[in-house]
Amino acid sequence: MPTRLWVAIVLGVTLGVASAFFLVAGNDGPGTGQTTGTAQIGGPFSLTDTGGARVTDKDFAGKPMLVFFGFTNCPSICPTGLQVITTALDKLGDKAKSLTPVFITLDPERDTPAKLGAYMKNFHSSIRSLSGSADDVTVAVKAYKVYAKKVSDQAQPNSYTIDHTSFVY
């Protein structure tokens with residue numbers, strides 16, 4: 001047997017044994033710490049929905065949320081993420097009513113409430129989409145610890161995209 005194959009087998013078995021050990025031991029792995037009991041992601045925000053109404057984090061109090069950050073000009077990550085959320089909500093059926101799915105734009109410059117409303121017609125009707133001023137969106141981005149960076153398109157002046165995390169919080 002080639003040496004590379006043996007190395008791959010030994011590495012695979014070692015990782016499997018280590019994973020089994022941590023599962024059996026009830027430990028999440030080395031270096032785990034204590035939890036505070038308080039979520040370290042999320043926090044206060046005040047944004048605008050597609051109807052023009054002001055919405056804050058307090059409007060969602062007491063109901064679990066699914067929060068996804070993106071923008072309507074996103075070529076793949078955002079529509080894919082929103083479709084995954086849509087499919088999950090469809091599969092949950094009536095149980096989905098206990099969740100509040102929220103899409104927050106990372107591009108308030110282009111994503112007006114009207115544009116968000118038109119875009120979101122492609123996805124589950126219960127997903128609330130929010131925008132606001134650049135400062136308002138920045139507050140939400142910081143509260144959720146989202147990575148987002150505007151990147152100019154060198155080939156097309158005055159055009160840009162936004163690199164961003166693709167987590168569903």
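## A walk around the sheet

Start by selecting strands β1 (residues 46-49) and β5 (residues 128-131): they run antiparallel and are joined by two bridges. Helices (H or I, at least four residues) and strands (E, at least two) are DSSP runs here, numbered from the N terminus. Two strands count as paired if DSSP finds at least two bridges between them.

Before moving on, please note that this is a predicted model: local features need pLDDT of at least 70, side-chain atom pairs count only at pLDDT 80 or more, and totals for chains, interfaces and linings use all residues. Residues are numbered from 1 along each chain as its sequence is written, and side-chain values use heavy atoms, with hydrogens and water left out.

**Stop 1: across β1 and β5.** Click on Thr48, and you will find Ser131 of β5 opposite. Then try Asp49, whose bridge partner in β5 is Leu130.

**Stop 2: the hairpin.** β1 and β2 form a hairpin with four residues between them, and Gly52 in the turn has a positive phi of about 90°. The two strands pair in the antiparallel sense over three bridges. Pick Ser46 to see Thr56 of β2 standing opposite.

**Stop 3: the whole sheet.** In what order do the five strands of the open sheet stand? Show them together and read β2-β1-β5-β4-β3, with mixed pairing. β2 (54-56) and β3 (65-70) are at the edges with a single partner strand each, so one side of each has no neighbour in the sheet. From one strand to the next, the twist averages 40°. Strands of a sheet pair through backbone hydrogen bonds, either parallel or antiparallel.

**Stop 4: helices on the sheet.** Select α3 (residues 113-120), which packs on the sheet and touches β1, β4 (100-105) and β5. A contact means heavy atoms within 4.5 Å. The direction of α3 makes about 155° with that of β5; axes are lines fitted to C-alpha atoms, for helices over the stretch in contact, and angles run from 0 to 180 degrees between N-to-C directions. Next comes α4 (residues 134-143), packing on the sheet with β1, β2, β3, β4 and β5 all touched. The direction of α4 makes about 115° with that of β1.

**Stop 5: a buried alanine.** Go to Ala96 in the loop between α2 (77-92) and β4. Is Ala96 buried or exposed? Ala96 is buried, because its relative accessible area is 9%, and buried means under 20%, exposed over 50%, partly exposed in between (1.4 Å probe, protein chains only). Draw a distance to Ser126: the two C-alpha atoms are separated by 9.0 Å, though the residues are 30 apart along the chain.

**Stop 6: β6 and β7.** These two strands run antiparallel and are joined by five bridges. Lys149 has Asp163 in β7 as its bridge partner. Colour the two faces of β7: Tyr160, Ile162 and His164 make the covered one, Thr161 and Asp163 the uncovered one.

**Last stop: the whole chain.** Zoom out to take in four helices and seven strands. Along the sequence they follow the pattern α-β-β-β-α-β-α-β-α-β-β. Of the 169 residues, 30% are buried. Among contacts with a separation of 6 or more, 71% are between residues 24 or more positions apart.
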